Amino acid sequence: MRKKTTTSTYQPGQSIDSVMKKYGLRNVVKLASNENPYGPSPKSLAIAKKISNSVNRYPDSKCYDLKYNLVAYINKPHIKLNNIIIGNGSNEILELLARLYLNDKSEVLFSKHSFLVYKIISNAMHATIVETKPKMSQGFGFMGTDLSELNKKITKKTRMIFIANPSNPTGTILSVKDLDDFIKTVPKRILIVIDEAYFEYSEYMGMTNCIILLKKYSNVVITRSFSKVHALAGIRIGYGLGSDKIISNLDKIRQPFNVNYVAQAMAVESLKDKKYIKSSLISNNDGMLYLKKELDKLDIKYLDSYTNFLTIYLGKNANDVFEKLLENGVILRPLDNYNLKSYLRVTIGTRQENISFIKSLKKIMSKINA
Ligand SMILES: Cc1ncc(COP(=O)(O)O)c(C=O)c1O
């Protein structure tokens with residue numbers, strides 16, 4: 001399906017305050033935006049307090065300290081300071097890449113049900129969006145990116161391919177081997193963006209990240225986020241990894257002080273606090289297992305997930321369940337604007353939040369099934 005500039009706007013999850021006001025509730029659980037429910041590392045919070053009185057100064061334009069820490073954290077000889085760019089969220093890096101590669105004559109490829117930002121930034125560049133069929137065979141990766149479909153849609157005009165790995169909102173993942181086999185066949189003039197916003201979760205679940213592909217291919221960029229397991233969504237910080245050449249081209253078009261002072265320092269401390277991050281990953285895993293077990297009991301199907309969320313199938317009841325959950329003080333994410341009207345996305349919360357969600361869901365389903 002080829003589409004010229006359609007209008008799509010990103011619809012964020014509803015806020016706790018607005019739901020409290022609308023339904024007159026005292027307690028509201030937000031499981032709508034794939035945030036880490038435990039908050040930032042105590043080390044990140046401490047540094048933020050310590051340096052907040054210095055925000056009269058401009059931040060380090062080159063984010064040197066953070067890049068230096070990322071080199072150590074990634075710990076691969078092919079990732080050096082020149083292979084890293086820091087952004088005001090990974091969304092900024094995605095947008096800079098679109099600005100660099102796309103124009104009104106180019107085509108951009110991604111799978112149907114991909115992260116909406118790819119559509120927004122491609123539209124902004126007046127590029128032609130080609131959305132490919134997702135994997136339709138049941139089993140591993142169902143509804144995720146089908147690489148053979150992407151391959152079929154490559155034309156002379158294709159300039160960019162976006163692949164989220166793991167993907168949002170489907171939660172699905174592709175193996176590095178499958179990605180490698182695909183990238184081999186893609187002409188080198190096409191940039192392949194692998195969006196690894198959730199890679200810490202998938203790694204914890206036994207999958208390998210895609211860093212190795214940067215050693216083999218100069219037309220691959222990886223983007224990553226501090227908004228997910230690092231719990232810094234509100235302060236906006238993420239990074240991109242790629243060849244010296246691509247990174248220096250991105251550096252030429254970014255704002256000089258694109259990443260604020262507090263965000264840089266909090267990200268550095270979060271990278272160092274491995275113990276805290278691990279505890280978030282463990283809790284996420286426990287929460288995921290609990291939700292899957294309870295959803296199985298309710299006979300509710302869900303997509304494979306290598307992230308901190310589950311995308312659950314509710315068929316024609318999806319909208320009704322979403323509204324009733326809101327009335328009960330539980331905010332999930334409807335997926336209508338991802339063309340997944342029959343699904344709802346639930347972020348793994350704290351133990352208590354997961355229990356509240358299941359309790360409300362059970363109540364609602366028993367009425368629906370009555
Ligand atoms: C797949 C994917 N990529 C990127 C992002 C954006 O992350 P950031 O907050 O770093 O801009 C998100 C956020 O939800 C996401 O789901």
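The questions and answers below concern a predicted model.

Trainee: At what angle do helix 12 and helix 14 pack?
Mentor: Helix 12 covers residues 274-297 and helix 14 covers residues 351-368. Their axes lie 10 Å apart. The packing angle is about 15°.

Trainee: Are helix 12 and helix 14 roughly parallel or roughly antiparallel to each other?
Mentor: The angle between them is about 15°. Angles under 35 degrees count as roughly parallel. Helix 12 and helix 14 are therefore roughly parallel.

Trainee: Which residues of helix 14 make the contact with helix 12?
Mentor: Helix 12 passes helix 14 in a right-handed crossing. From helix 12, the contact takes in Gly287, Tyr290, Leu291 and Glu294. By class, this contact has three nonpolar, two polar and two charged residues. On the side of helix 14, the residues are Arg351, Asn354 and Ile358.

Trainee: How many bridges join strand 10 to strand 13?
Mentor: Strand 13 spans residues 343-347 and runs antiparallel to strand 10. Tyr313 stands opposite Tyr343 in strand 13. The number of bridges joining strand 10 to strand 13 is five.

Trainee: Which residues are closest to the ligand?
Mentor: The ligand is surrounded by 13 residues. By class, this shell has four nonpolar, eight polar and one charged residues. The closest are Gly89, Asn91, Asn168, Ser225 and Ser227.

Trainee: Where does Pro169 lie, and is the peptide bond from Asn168 to Pro169 cis or trans?
Mentor: Asn168 is one of the residues closest to the ligand. Pro169 lies in the loop between strand 6 and helix 7. Omega of the bond from Asn168 to Pro169 is near 15°, and the bond is cis.

Trainee: What is omega for the peptide bond from Asn165 to Pro166?
Mentor: Pro166 is in the loop between strand 6 (158-164) and helix 7 (176-185). The bond from Asn165 to Pro166 is cis, with omega near 0°.

Trainee: What is phi of His126?
Mentor: His126 has its place in the loop between helix 5 (116-124) and strand 5 (128-132). Its phi is positive, in a residue other than glycine, and is near 60°.

Methods:
Residues numbered from 1 in each chain as written. Predicted model: local features only at pLDDT ≥ 70, side-chain atom pairs only at ≥ 80, totals over all residues. Axes fitted to C-alpha atoms, helices over the stretch in contact; angles between N-to-C directions. Helix = DSSP H or I, 4+ residues; strand = E, 2+ residues; numbered from the N terminus. Parallel < 35°, antiparallel > 145°, perpendicular 65-115°, else oblique. Left-handed = near helix turned anticlockwise from the far one by under 90°. Contact = placed C-beta atoms within 7 Å. Nonpolar A, V, L, I, M, F, W, Y, C, P; charged D, E, K, R; others polar. Near = placed C-beta within 6 Å. Pairing = 2+ DSSP bridges.
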